[in-house]
Amino acid sequence: MVERPSRIWKELLPEVRLSAATAFWLDDGSNDAALQQVEVIMAIAKRLNFRPKSAQALPEERRARLLAQMSDVSDAVATRALIAYHFQAQRPLMSAFLDALGVTHENGLSTAESVAPPERRAIDEAAGHVRQAFPDADVRLYLRTLKALDGETWVNI
């Protein structure tokens, strides 16, 4: 069974969830990000009994805290937050893991058209290598995120 991004979000430590929520609001690179941000603005407005425009006008830091306090978010919001978090806070870890696997990438983002699912042994070795330089909790979160967001490629995690 594939783990859902919303479950990963729910289980994040408070400080990691706040970092992911902050990264979520900094992510303005796509229409998808804007759609998820509108979804969260609507949830914040409902929670605070605000008009959506007033919720949108809240300082970014407050919106991040409010999002971090939400344990139930959609898979789309959790996905966007997890991606933004890893690209903002975990690029060195991502790069080290992909290097250890021999996957071509640019600063932690795979540049290959498609990546064949790595063997379990190769993933375990790469994860072990990365754990020498990065906290185990960060490595576990990254691996869970990979599997949840791209279960076909990362089926052997």
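**Positive-phi residues and pockets**

At 45% relative accessibility, Asn107 counts as partly exposed (buried, under 20% relative accessible area; exposed, over 50%; partly exposed, in between; 1.4 Å probe, protein chains only). The model is predicted, with pLDDT of at least 70 needed for local features and 80 or more for side-chain atom pairs, while totals for chains, interfaces and linings use all residues. Residues are numbered from 1 along each chain as its sequence is written, and side-chain values use heavy atoms, without hydrogens and water.

Asn107 lies in the loop between β1 (105-106) and β2 (helices, H or I, at least four residues, and strands, E, at least two, are DSSP runs numbered from the N terminus). Its phi is positive, about 55°, although Asn107 is not a glycine. Asn49, in the loop between α3 (31-48) and α4 (52-56), also has a positive phi, near 60°. Asn49 is exposed, with a relative accessible area of 73%.

The largest pocket holds about 390 Å³ of space. A pocket is an open set of points on a 1 Å grid over the protein atoms alone, where a 1.4 Å probe fits, with protein on both sides within 12 Å along at least five of seven lines; lining residues have an atom within 4 Å of a point. Grid points are joined across faces, edges and corners, and the volume is the space filled by probe spheres set on the points. Among the 17 lining residues, Phe87, Leu109, Tyr142, Leu146 and Trp154 are closest to the centre of the largest pocket. At least two lining residues come from each of α6 (75-89), α7 (91-101), β2 (109-110) and α9 (136-149).
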